[in-house]
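User: I am new to reading protein models. Please take me through this one by question and answer.

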Amino acid sequence: MSDVSPSHIKTNVLSGLTVALALVPEAIAFALVAHVSPLTGLYAAVLVSFITSAFGGRPGMISGAAGALAVVMVALVVRHGAQYLFAAIVLMGVLQMLFAAARLGKFIRMVPHPVMLGFVNGLAIVIFVAQFEHFKTGGGWMAGPQLWTMLGLVALTMAIIYVTPRLTKAVPATLVGILAVALLAHVMGIETKTVGDLGSIAGGLPAFRVPDVPFDLQTLKIVFPYSLVLAGVGLIETLLTLTLIDEITDTRGQPNRESLAQGVANVVTGFFGGMGGCAMIGQSMINVGNGARGRLSGICASLFLLSFILFGASVIERIPLAALIGVMFVVCEKTFEWGTFRLFGKVPRADALVIVLVAGVTLVFNLATAVLVGVVVSALVFAWQHAKQIRVATAQDAHGWKVYELEGTLFFASVAGFQALFTPKDDPQDVVVEFRSARVADHSAIQAIDGLAERYRALGKRLHLRHLSPDCRALLERAKDMIEVNLPEDPRYRVADDKLD
């Protein structure tokens, strides 16, 4: 299908309208979390969505003011004011651009699949739980007819979204659900909470202004820690969402290009009074679920959102929140990997633990912490599993020497097992350690070999080390005189050690 076909244009434009409607309450809510005005969140959604959709590396992905960033911003705004937030957003964007210039985006491909599953499930739960804030009024939970009306409209919206695709796919089901419930509430005069209850979205065009802060070292000391955390959280959420959409659409995004676009977008939004942003998995799933795969949908979403601010505030503010909550509940249901439950008992327990751990930490703390914890735990599990794979076979050669044939990787996690493989007191006068099927990976391994040599030397026995790489020979100290060099047969691999850098 051509990117300029009428069908493609219609799909992306209508999906953009749906996404714009879904962005409104999210942008307002996250702005209030960050203690800034609703327009600060809306301007961020407009600018970040437009720039990343037009120039980013993942067509179809939607970016805007995100809750993961809002919870980081609130402390800075409370202590120093909104102007310092805008300065921090500009610096955040610069850091993201440097990340892209260093071409570090490729490392997101190294995030293990269990971490990805935990990220998706955790974020789906976070989005689901966040909707319950809308069921509060006057500082307490809704009750009585008000609550039942809200729940009824939410259920009706969800039912329409699920049924519509069976009747027609000409219009996005989410858009049909929003418009149908909004029209029903208006015609029947149903009293329920609306978008306008969160705050007014009426405003003008965002204006360029340099953040009103002193340009000195003290300001940098204040904003830099926040900018660094915001840049990290934004990139992690963006690149993981990019990877998720890659899997859903069976295409391949460009992490470094997306990181650069995110950086540019945040620099721009910081100068135009926006709170900054990153990829939004909920809105991205709405967009992709509607069949939108191009840049046009995100560009349209930002333009529709801007038109709401400039011309359509009075109409948009009358949309029942229940309709938008229903949309987000459907997004949660479709985002959550229900197949995860079938994996339990079929995948290694360590992988199952990582999935649950990442989802739990995402819910309790934040996304960046969850992903870091998941990667660290996965790395430790990997190290532990490989530590158990250092094996040895013993034999006696023609000279009567005992030969230890090593197999596996010798590194920091396996050195204890390596040392336990040898019995210096019981061994003959000459002992051979054969490294033909083993690999020495780091400085801990080198130290272990040196330590083994010292044990045999203390007993007056001769140790012969065969088939070590040139790096190993250069790094060994106490065992240098025990190495037997065979240049044609010795392996040539690198050892991770600062002494050789």
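User: In which loop is the place of R103?

Analyst: This is a predicted model, in which local features need pLDDT of at least 70 and side-chain atom pairs count only at pLDDT 80 or more, while totals for chains, interfaces and linings use all residues. Residues are numbered from 1 along each chain as its sequence is written, and side-chain values use heavy atoms, with hydrogens and water left out. Helices (H or I, at least four residues) and strands (E, at least two) are DSSP runs, numbered from the N terminus. R103 has its place in the loop between α4 (82-101) and α5 (113-130).

User: Is R103 buried or exposed?

Analyst: Buried means under 20% relative accessible area, exposed over 50%, and partly exposed in between (1.4 Å probe, protein chains only). R103 has a relative accessibility of 53%, so R103 counts as exposed.

User: What is the phi of R103?

Analyst: Most residues other than glycine have a negative phi. R103 is not a glycine, yet its phi is positive, at about 55 degrees.

User: Is H467 buried or exposed?

Analyst: H467 lies in the loop between β8 (462-466) and α19 (470-475). Phi of H467 is also positive, near 60 degrees, in a residue other than glycine. The relative accessibility of H467 is 6%, so H467 counts as buried.

User: How far apart in space are T168 and V403?

Analyst: T168 sits in the loop between α6 (144-167) and α7 (173-188). With a relative accessible area of 35%, T168 is partly exposed. T168 and V403 are 235 residues apart in sequence, and from C-alpha to C-alpha the distance in space is 74 Å.

User: What is the radius of gyration of the protein?

Analyst: The protein has 19 helices and 9 strands. The radius of gyration is taken over C-alpha atoms, and the globule rule is 2.2 Å times the number of residues to the power 0.38. For 501 residues the rule gives 23 Å, and the protein is well over that, so it is more spread out than a compact globule, with a radius of gyration of 29 Å.
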